[in-house]
Amino acid sequence: MDTEAVRSFVRAAELGQFQHAADELGVTQQAVSKRVATLERELAVRLFTRTARGVDLTPDGRAFLPHARGLVAHADRAVAAVRPGSRAPRIDVLGLRSAQAVLLHDYWRARPGLDLDVVTLRVDDPHRVAAAVRDGDLDAAFRTVTDPATLPPDVRMVHAFDNPLELLVGPRHPLAAARTLTPPELRGHRIRVPGIVAGSEWSEFYDQLTAAFDLRVDATGPNFGTEVLLDALAGAADLATVVGARDRYLWPAGHDLRRIPIVNPTLAYPISLLLPAADPHPALRPILDHLAGLPPLPEPVWRPSWPRFTPAAVRR
């Protein structure tokens, strides 16, 4: 069924004249008449009777009108769903407790009525996520391809923000009373980081981190999830983990866990955004501007050696 024919029928029914419908739709009266006639042939009914004042709906026309309005509304929503300027940007975050999701939520709360489509791909390989951006399945993704030479040519990577690390320990840990810690003070302590996947960006991050500061990061054994790790930290005197300062973690009050900033230098996990090289969704620019306004990290700052990109690389 021709959507424009249905649209012409709806406007003619609502306005009572083919000419008024034609004026509103930007076509000729003859075009509206032909569209309605085609629709009547397809439905095998008469939709209008002609009068001196214009047109009136027949009983069949009155029965068809609410359904026709629904067809036009569905068609308009379908078009809007694929029009970058009007649909919600579809953005991948690493997890709903990650700093990316937390900061996006802050951005959304400050803008009532803003529409965001936040998703979490269960994918560890950032190249697969970059392919999803290239193919249009995502408008953007908070992931890093640490070797930019392996990015698809039509995908761009920009720096979004830095997430400083904190040490997370239970009350029995020997570092639990510290207000801040330096990387050398972490040496010799077991830092449990389950779920480091070979080939992931965080695998390279921890490889560089341990090499730079001679840290003991334990990624062995199965990953039973964040809650199990938090339970283990609560009762352990020899176990710690590192978390992003902007990540959200929740635990029972009885755990009495401590988040201790790491300084001199601040250990920064750089968060990048993958987006199309040409014509990115217009909603991405203000999001990046919001992230660029975050408070700077305390100097000095250590970052891994993979290249960093600036938001200025995003086309307006």
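These legends describe close-up views of a predicted model.

Residues are numbered from 1 along each chain as its sequence is written, and side-chain values use heavy atoms, with hydrogens and water left out. Because the model is predicted, local features need pLDDT of at least 70 and side-chain atom pairs count only at pLDDT 80 or more, whereas totals for chains, interfaces and linings use all residues.

**View 1. The largest nonpolar core has 44 residues.** A nonpolar core is a set of buried Ala, Val, Leu, Ile, Met, Phe, Trp, Tyr and Cys residues joined through side-chain atoms within 4.5 Å, and buried means under 20% relative accessible area with a 1.4 Å probe, protein chains only. The residues with the most contacts inside this core are F142, F161, L209 and L291. Two or more residues each come from helix 5 (99–109), strand 6 (155–169), helix 7 (201–213), strand 9 (240–244), strand 11 (266–276) and helix 9 (284–292), where helices (H or I, at least four residues) and strands (E, at least two) are DSSP runs numbered from the N terminus. Strand 6 gives the largest share, 6 residues. A second, separate core of 20 residues includes F18, L39, L65 and A68.

**View 2. D92 lies in strand 3.** D92 counts as buried because its relative accessibility is 0%. Its side chain makes a polar contact (a pair of N or O atoms within 3.5 Å, one able to donate a hydrogen and the other to accept it; residues adjacent in sequence count only if both atoms are side-chain atoms) with the side chain of R143, at 3.1 Å.

**View 3. E166 is found in strand 6.** E166 counts as buried because its relative accessibility is 12%. The side chain of E166 makes a polar contact with the side chain of R259, at 2.7 Å. Leaving out residues up to four places away in sequence, E166 touches (heavy atoms within 4.5 Å) several residues, including T241, V243, R259 and I262.

Note on methods. Buried means under 20% relative accessible area, exposed over 50%, partly exposed in between (1.4 Å probe, protein chains only).
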